[in-house]
Amino acid sequence: MPTGRRSRVPIQKCSFGYHHRPARQPGQDFASYSSGLITVAAATALRANPDRNFRYWLLTPAIFLLLLVGLFPLFYSLIVSFMRIDMMDTDTSFAGLYNYAHLFSDKRLWAALGHTLLITVIALPIELILGLAMAYLFLEKMPGRQIFISLLILPTIISPIVAGATWRLLFDNRYGPINQMLGWFAGHPVTALWTLNPQLVYPAIIFCEIWQWTPFMFLILLAALSNVDKSQAEAAAIDGAGFLRTFRRIVLPAIWPVMAIAILIRGLDLARIFDIIWALTAGGPGTMTETISVYTYSQGFKQFETSYTAAIAFLVIVILTVVVVWAIRRMGLAK
Amino acid sequence: MVTRRDLGKIGLAAGFAGTFTRPAWAESAADIAVKAAQQYRGQTITIVWEAGLQSLDPLNFSGPKWKELTGIDVKVVEVPVAEMFTKIMQDFRSGAGAYDALNVIPAWMPDLVNAGALEQLDAMVDKFTYRDELQKIAATYRDNQMMVNGKIYGFPDDGDVFVMYYRTDVLGDPALQAAYKAKFGTDLPVPPTTWKDFDQVGQFITEFTNGKTFGAAFFRESGYGNFMFQERFRNEGGKFFDGETMKATINSDAGVKVLTDWLAENKWAPPGVEQWGFVENLAAFLQGQTAMTVSWPPYGRWAASYGTDQEVMSWVPKSTIAGKVGYAMPPGGHPELAAGFCLGVSSASKNKEAAYLFIQWLNSEAISLERVKLPYALRDPFRDSHFTDPGYAALWPEAKDYLAALQAGANNGLLDLSLLQTDKYEEVLRQSVSKLWAGEDPKAILDAAAGEWDAITEKIGVDKQKAVYADWASKSGAYPKM
């Protein structure tokens with residue numbers, strides 16, 4: 001039983017545990033009694049229970065740190081977005097809504113959002129379908145299954161910037177093996193400019209993205225499929241249900257919560273895709289493959305438009321918040 | 001009492017003393033820096049240097065030597081060139097003072113000075129009597145890359161300039177020359193001095209050799225394309241801005257001609273040249289796959305196999321063309337002084353004088369001569385004495401011709417555009433080059449680029465930028481004298 005060394009009130013037990021509570025005096029009305037109780041409770045919390053206070057003191061640095069590295073930068077960025085700060089000028093005056101107004105007339109920004117959306121809507125379904133197909137393939141016991149799974153997930157543990165740089169070399173016109181191999185099939189040298197030709201650059205980016213992140217989908221969906229009750233699927237099969245019907249009616253509802261999370265995670269990843277594009281094309285040719293992250297980086301760290309970059313960041317936060325809330329509701333994840 | 005006669009004697013004595021002690025006064029700038037730096041013995045100075053080969057100079061040569069002479073440690077912070085400006089500005093804005101001495105690209109200097117990040121050096125130049133030796137830096141670099149608003153902020157320390165390299169054995173081949181004359185009715189120009197001739201010769205070589213040797217290759221990757229455009233545009237008579245209105249004029253006929261010519265050249269250049277940067281172009285030239293190219297000075301040294309036996313140079317392809325390379329001005333006769341480096345002192349430094357003394361010593365006539373001859377470093381000759389140094393001229397059989405080409409380049413070179421927020425303008429050019437390779441129309445690309453330049457100018461302030469442009473355009477290397 002806990003004992004408050006400096007407690008001057010009797011310790012009583014209630015359903016929530018032990019606490020200090022003064023006894024109600026005869027003739028004392030409930031209001032004054034409860035008011036006194038609150039006062040005592042507060043005093044107890046602040047002075048009379050050093051163990052409990054100590055716990056709070058222990059938590060304080062962590063909370064302070066979280067506020068410092070999380071909320072403070074966020075609020076500070078918000079303030080910066082209403083100012084005129086750029087690294088090249090000494091004028092840091094208040095700019096009002098100038099930066100936010102500029103967002104709407106910045107064609108390059110909206111084009112970058114469009115490019116991000118394009119990559120997301122193409123890459124995400126392909127990663128999902130391929131990941132699911134691979135998960136089905138590896139659902140059954142087979143020799144070397146664990147080794148194959150380990151090998152398949154290797155791309156996900158490579159840093160995206162390294163993966164991008166590696167693919168850039170593979171796609172290189174002069175030294176890259178991809179054109180060389182295509183040349184073997186074509187019977188003549190192939191000089192496809194994968195990172196420069198408008199017709200090839202998106203396929204190249206999306207291919208790299210799919211190569212790296214399909215295994216992530218595969219792993220999560222494999223875990224989800226492994227937990228589906230097989231007897232239901234077997235019963236459905238006995239009743240004559242085909243594969244698609246069984247999948248839609250039995251398997252999909254069972255794996256949906258996990259699948260939805262995987263879609264959400266990958267969707268958010270694709271919304272902030274940077275590394276692979278930076279390494280492969282740096283947003284080129286021109287600004288043809290510039291995504292919102294690449295554009296934000298370019299504005300912030302190459303053009304030094306600090307305040308405008310903060311405004312872009314808040315635009316992205318708003319867009320992603322709306323999309324995520326909508327997606328969570330739509331996918332039923334909130335339940 | 002001191003009489004007039006006594007004063008005369010004193011004056012005479014002082015005159016004699018002056019005459020006989022002159023050698024002491026005429027100490028080299030390097031010696032002066034070393035002596036003055038003794039008071040900072042035991043301290044450490046930090047210098048920002050381009051990562052890679054460039055930084056081998058302070059890491060392997062100048063840093064250890066300075067330590068030996070002065071007892072001052074030199075800490076080298078290696079930064080990729082694309083991040084140097086950002087790092088310098090971040091250090092300055094934060095007030096951290098992490099860097100004492102700096103390498104800066106001359107085109108950045110107006111921005112760095114405007115921000116207050118560079119220390120003005122005039123007072124220290126006078127204090128440590130460096131003006132005389134500064135005057136011996138080749139005029140193009142000295143007059144154009146050292147000062148902002150008439151004050152010294154950096155010492156030009158790298159004679160970057162584009163040079164045309166051509167294969168003397170290919171262009172001098174009698175069969176090729178005869179076939180050329182038969183086709184065009186004129187002698188094959190060795191080397192071509194106009195872009196019209198260059199393109200005609202280049203295409204002819206590709207066709208004559210059936211692609212075994214391509215007529216030429218170029219930097220086409222957008223980062224380099226920016227420099228190539230700036231050079232060729234001005235050689236074609238282009239001006240970047242209307243000096244009165246500050247409206248961009250890069251979409252003029254000269255600009256369109258440059259981009260149109262580039263597209264035509266790609267047809268007879270090696271396949272995929274659109275993606276070529278420094279290394280691809282170098283490899284093709286050193287391996288004998290191309291007959292002509294335009295590039296920075298190291299190509300000439302490496303083509304002659306100078307210094308490429310060093311382990312750090314193992315990435316450079318073995319030259320198959322040593323002794324078969326000629327050096328000349330690029331067509332048009334006015335090469336780009338592309339990039340280059342100046343040495344400066346950070347205004348946030350806590351060791352400004354020690355940092356200054358180090359850069360004076362590095363940049364001095366005696367030490368800089370040793371540095372430009374380092375086989376592994378990338379500093380190129382930038383002093384008059386470098387171009388005429390017998391030791392340098394003896395480094396390989398054609399080194400004298402090489403130095404003559406560099407000196408001609410220094411005398412006729414064109415400055416990189418240098419305004420407030422230059423990189424924003426250059427970024428537009430880089431994207432324009434990239435759009436060209438993506439198949440967009442040259443005129444449409446340049447119209448869009450001019451629009452973007454105007455928007456940048458308006459944001460900075462037309463009058464403010466106009467004044468900076470007027471200052472830049474007044475320099476001898478801004479536009480060729482036509």
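Predicted model: local features only at pLDDT ≥ 70, side-chain atom pairs only at ≥ 80, totals over all residues.
Helices (H or I, at least four residues) and strands (E, at least two) are DSSP runs, numbered from the N terminus.

Strand β7 of chain B, residues 163-167, is joined to β9(B) by four bridges, and the two run antiparallel; strands are said to pair if DSSP finds at least two bridges between them. The sheet is open and has three strands in the order β8-β7-β9 (chain B), with antiparallel pairing. Its edge strands, each pairing on one side only, are β8 (292-295) and β9 (325-328) of chain B. From one strand to the next, the twist averages 25 degrees. Helix α20 of chain B (residues 399-412) packs on this sheet and touches β7 and β9 of chain B, and its direction makes about 25 degrees with that of β9(B). Contact here means that the C-beta atoms of two residues, placed from the backbone, lie within 7 Å. Axes are lines fitted to C-alpha atoms, for helices over the stretch in contact, and angles run from 0 to 180 degrees between N-to-C directions.

Another strand pair in chain B is formed by β3(B) and strand β10 (residues 342-345), antiparallel over four bridges. Within this pair, B:Asn103 stands opposite B:Leu343 in β10(B). Strand β3 of chain B (residues 101-104) is covered on both faces, with B:Ala101 and B:Asn103 buried on one side and B:Leu102 and B:Val104 buried on the other. A residue is buried if 20 or more other C-beta atoms lie within 10 Å of its own, exposed if 12 or fewer, and partly exposed in between, with C-beta atoms placed from the backbone. B:Val77, found in strand β2 (residues 73-79) of chain B, counts as partly exposed because it has 16 C-beta neighbours inside 10 Å. Leaving aside neighbours within four places in sequence, B:Val77 is in contact with B:Thr46, B:Ile47, B:Val48 and B:Tyr99. B:Val77 and B:Trp49 are 28 residues apart in sequence, and their C-alpha atoms are 6.1 Å apart in space.

Helix pairs come next. In chain B, the axes of helix α2 (residues 29-37) and helix α16 (residues 352-363) come within 8 Å and cross at roughly 155 degrees. The two helices are therefore roughly antiparallel to each other; angles under 35 degrees count as roughly parallel, over 145 as roughly antiparallel, 65 to 115 as roughly perpendicular and the rest as oblique. The crossing of α2(B) and α16(B) is left-handed, a term used if the near helix is turned anticlockwise from the far one by less than a right angle, with right-handed used if clockwise. In α2(B), B:Ala29, B:Ala30, B:Ala33, B:Val34, B:Ala36 and B:Ala37 meet B:Ala354, B:Leu357, B:Gln360 and B:Trp361 of α16(B). This contact has nine nonpolar, one polar and no charged residues. In these classes, Ala, Val, Leu, Ile, Met, Phe, Trp, Tyr, Cys and Pro count as nonpolar, Asp, Glu, Lys and Arg as charged, and the others, Gly among them, as polar.

Chain A contains 13 helices and two strands, and buried residues make up 26% of its 335 residues. Helices α9 (residues 230-238) and α10 (residues 243-271) of chain A pack at an angle of about 150 degrees, with their axes 10 Å apart, which makes α9(A) roughly antiparallel to α10(A). Their crossing is right-handed. Here A:Gln232, A:Ala233, A:Ala236 and A:Ala237 of α9(A) meet A:Thr246, A:Ile250 and A:Val251 of α10(A). Helix α7 of chain A (residues 177-186) is hardly covered, with one buried residue among its ten residues. Just after α7(A), A:Gly187 takes a positive phi of about 85 degrees.

Finally, the two chains meet in a contact that takes 16 residues from chain A and 20 residues from chain B. On the side of chain A that touches chain B, eight residues are nonpolar, six polar and two charged.

Terms used. Residues numbered from 1 in each chain as written. Chains lettered and ligands numbered in written order.
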